[in-house]
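Please examine the structure below together with its sequence.

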Amino acid sequence: MSPSPHVSDLADLDRRARQVLRDNDLGQMVTAAPKLYPHQWSWDAALISIGLAHMSIPRALRELENLFRAQWSTGMIPHIVFSDVPGYFPGPDVWSTDTVPAKPHDVRTSGICQPPVHAIAVARILDLAVAKGGEDRRLAEDFARTSLDRLVAWHQWLMTVRDPSGLDLVEIHHGWESGMDNSPRWDEAYANVVVPEPIPMARHDIKVVGNIEDRPTDREYQRYLQLMREMASVNFDDAQINDVVQFRITDVFLTAVLALACDETARLAELLGREDVADGQRALADRARRGVLSCVSPDTGRCRDFDVRAGQWVDVPTIASWSVLVSGGDDAVWADHRAALVGEHWAGHPSLRFPLPPTVSPDDPGFRPRTYWRGPTWPFLNWLLTWALARRGDRALAATWRDATLELLGDGAFGEYYDPQTGQPAGSHDQSWTAAVAIDWIAGRAQE
């Protein structure tokens, strides 16, 4: 196990992390990364807003407000809100959402979603603002009050429109919706996606990232674009998408995150005197937890996804296999998942530079330590796991993973993700949510 970061090193890391957020700030949004991702991504923005809250509560709230104003009338929060910066592919013209009735007319967005971490961000910012007091507290309380119905609509959409089979599990229509874009979880489903004819591409990512092995392949991108075309063919109408899209899978990890988000929304509602909302959100959280537990394999003990089109379980071992560690709901299963994730095949694997969870076990034949969701460790995901652990009272493991990730980030590159065996940054550098979680962790250590 690596030693805890030195206080002076943390002070320098904190200064550099804050500068990353300043450099990536366009005013109304902090871009996910300065070159590779020049727009606002949904779950990035939530984590970024937490980092911003340590710098300025009003600026943190503005980050979330920019995202929330792009919320569709259905309740969906889109996974990208586009800035005016050109060059990104696939951009708003490729998404073809401008004529979608449910989309706000004055913003350009994608047509799919990402994991619902937003209530966690609102609650964290409110907690920080309450501690600061004064005008910061008033602003955050007002924002939480106005955001409550938005969060309720978002969660309700996920558990109704995206649970058409009544399985208490959120269904996704694109791997990008999971946030784990090219995870091995989706390999078989993507292999079944038929692309009738080649789709023109002008990929920006491979021009920015130095090592092409860090990114999905052209073949994978063709399938990504085909699914976008299918949804666009029905103008992203929820009532018609299920009939046309070739990718329909229940996402156990996204559902686990939803359980936490509903819990945090219930806590916000109680603080704001909205018991009616609190009761409804607790009920949704219970449903989501039941859904996650229903995915646990009786044979492997791992969580599985379910391919709705194929009518079969997808039991591929990845970081999402241990989703009960996020959602809770059964103490025995939670303990099993904790033991597995810290064990010798995962975070405790002898080949790893730091004792941190990789996204795929190094023992897996498909482990690729530099390739996106096929092996690297992601700092923001470590933050989410440590937050869930600390919330449950497992502060020892939370502190271990926090301090190890801060050691990992000591090079100051703020990588998008990291090779778990060498500790080298991969993907984009100066990634905003990587910097943001570093800021939050450092502030948390200072209060211990």
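This is a predicted model: local features need pLDDT of at least 70, side-chain atom pairs count only at pLDDT 80 or more; totals for chains, interfaces and linings use all residues.

Residues are numbered from 1 along each chain as its sequence is written, and side-chain values use heavy atoms, with hydrogens and water left out.

Helices (H or I, at least four residues) and strands (E, at least two) are DSSP runs, numbered from the N terminus. Arg145 has a relative accessibility of 43% and counts as partly exposed; Asp142, at 31%, is partly exposed too. For these classes, buried means under 20% relative accessible area, exposed over 50%, and partly exposed in between, with a 1.4 Å probe and protein chains only.

Which residue forms a salt bridge with Asp263? The partner is Arg391, and the closest N and O atoms are 3.1 Å apart. This pair links distant parts of the chain, since Asp263 sits in helix 12 (residues 252-271) and Arg391 in helix 16 (residues 379-392), 128 residues apart. Asp263 is buried at 15% relative accessibility, whereas Arg391 is partly exposed at 41%. Arg391 also forms a salt bridge with Glu264, with 3.8 Å between the closest N and O atoms. Because Arg391 lies in helix 16 and Glu264 in helix 12, this pair ties together parts that are 127 residues apart in sequence. Glu264 is buried, its relative accessible area being 6%. Through shared partners, salt bridges join Asp127, Asp263, Glu264, Arg267, Asp286, Arg289 and Arg391 into one network.

An open sheet of 4 strands has the order 3-4-5-6, with antiparallel pairing; two strands pair if DSSP finds at least two bridges between them. Strand 3 (171-172) and strand 6 (312-314) stand at the edges with a single partner strand each, so one side of each has no neighbour in the sheet. Asp307 has Gln312 of strand 6 as its bridge partner.

Open space is described on a 1 Å grid over the protein atoms alone: a cavity is a set of points where a 1.4 Å probe fits but cannot get out, a pocket is an open set with protein on both sides within 12 Å along at least five of seven lines, and lining residues have an atom within 4 Å of a point. Grid points are joined across faces, edges and corners, and a volume is the space filled by probe spheres set on the points. The largest pocket has a volume of about 630 Å³. It is lined by 21 residues, of which Arg124, Trp387, Ala390, Arg395 and Asp440 are the closest to its centre. Helix 5 (118-132), helix 12, helix 16, helix 17 (395-408) and helix 18 (432-446) each supply at least two residues of this lining. By class, the lining of the largest pocket comprises 9 nonpolar, 3 polar and 9 charged residues. Here Ala, Val, Leu, Ile, Met, Phe, Trp, Tyr, Cys and Pro count as nonpolar, Asp, Glu, Lys and Arg as charged, and the others, Gly among them, as polar.

The structure holds 3 cavities of 30 Å³ or more. The largest cavity contains about 300 Å³ of space. Of the 26 residues that line this cavity, Tyr37, Trp41, Tyr88, Asp181 and Tyr372 lie nearest its centre. Its lining has 16 nonpolar, 5 polar and 5 charged residues. The second largest cavity contains about 50 Å³, and the residues that line it include Trp72, Trp157, Arg162 and Asp238.

Terms used:
A salt bridge is a side-chain nitrogen of Lys or Arg within 4 Å of a carboxyl oxygen of Asp or Glu.
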